[in-house]
Amino acid sequence: MAADRDASSGSAVGLVCARCVSEVSVSGAGATVLSRLVHNEDGDAHPSRGLVHATNETSAALEDLQLTVGEGPCLDTFESGGPVLVADLASAESRWPAFTPAAVALGAAAVFSFPLQIGVVRLGSLDLYRDAPGPLTRTQLADALILTDLATEQIVQELDGHAIADLSWLADPHAEVHQAAGMIQVQLGSTTDVALMRLRGYAYTHDLPITEVARRVVRRTLRFQPESETS
């Protein structure tokens, strides 16, 4: 995926993510920039995401899954400003009923998310997963917090004058999601909220990445109707 720049690219954030895997003993890591500053005509804010780095395909898929279903540790840590530590993901289905079973199917057994923030300003999250359940040790938690700070510093350097609200510089693979939501809004004569819900619902029920559904909408091979979706 276009925005997935792993450690082999030599990027500083990619190297921090790779360090998480080795130092914190996790199976994968991803750093994501989030923004609340995408508004519809009613003035409501919608999170916009640009995947900055992922160490493997599973990490990238877990980030995409959270955008698809609209829930998960990445979004929770961004909302709360504190770490989200789930040592046994299978036991968290009541917390994330849509995310949990799909994440387990992807191979995640434990998830740990940390906010990327400077003071009260939150930039996104550093997300770790393990393919076996188990908590972080005190040392691993301390290392994860240090690496989160390092990732934040590097992302701030990469922003380099870009507005946090403008994630286009990340070559966000989810840019089509926002374009598709606008098209669905017109097709349904609905709000942006309803359009995003229909887009997410279609992706979830058809077991497709939301980016693939958005691509079909943008290419006009999939059209939504007020009462049903048809391709």
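V121 lies in strand β5 (residues 121-130), strands being DSSP runs of E with at least two residues and helices runs of H or I with at least four, numbered from the N terminus. This is a predicted model, in which local features need pLDDT of at least 70 and side-chain atom pairs count only at pLDDT 80 or more, while totals for chains, interfaces and linings use all residues. Residues are numbered from 1 along each chain as its sequence is written, and side-chain values use heavy atoms, with hydrogens and water left out.

**Surface patch and burial**

- V121 has 41% relative accessibility and therefore counts as partly exposed, a class between buried (under 20% relative accessible area) and exposed (over 50%), with a 1.4 Å probe and protein chains only.
- Together with I118, V120 and V156, V121 forms a nonpolar surface patch of about 360 Å² accessible area; such patches join nonpolar side chains (Val, Leu, Ile, Met, Phe, Trp, Tyr) within 5 Å, each residue having over 30% relative accessible area and no salt bridge.
- In helix α3 (residues 73-80), the buried residues include P73, C74, L75, T77 and F78.
- G81 follows α3 and has a positive phi, near 80°.

**Salt bridges**

- The structure holds 4 salt bridges, each defined as a side-chain nitrogen of Lys or Arg within 4 Å of a carboxyl oxygen of Asp or Glu.
- E23 pairs with R19, with the closest N and O atoms 3.2 Å apart; the two are 4 residues apart in helix α1 (residues 12-23), and are therefore separated by about one helical turn.
- R95 and D76 form a salt bridge at 3.3 Å, N to O. This pair links distant parts of the chain, with R95 in the loop between β3 (84-86) and α4, and D76 in helix α3, 19 residues apart.
- R95 is partly exposed at 44% relative accessible area, and D76 is partly exposed at 25%.
- E212 and R216 form a salt bridge with closest N and O atoms 3.0 Å apart, and a network of salt bridges links E212, R215 and R216.

**Largest pocket**

- The largest pocket has a volume of about 260 Å³; a pocket is an open set of points on a 1 Å grid where a 1.4 Å probe fits, with protein on both sides within 12 Å along at least five of seven lines, and lining residues have an atom within 4 Å of a point.
- Its lining includes A61, D64, L65, T68, Y204 and D207.
- The elements giving two or more residues to this lining are α2 (57-69), α4 (99-106) and α7 (192-205), and α2 provides the largest share, 4 residues.

Methods
Patches are made of residues with over 30% relative accessible area and no salt bridge: like charges are joined within 9 Å, nonpolar side chains (Val, Leu, Ile, Met, Phe, Trp, Tyr) within 5 Å. Accessible areas come from the Shrake-Rupley method with a 1.4 Å probe; for residues, only the protein chains shown count as cover. Grid points are joined across faces, edges and corners, and a volume is the space filled by probe spheres set on the points.
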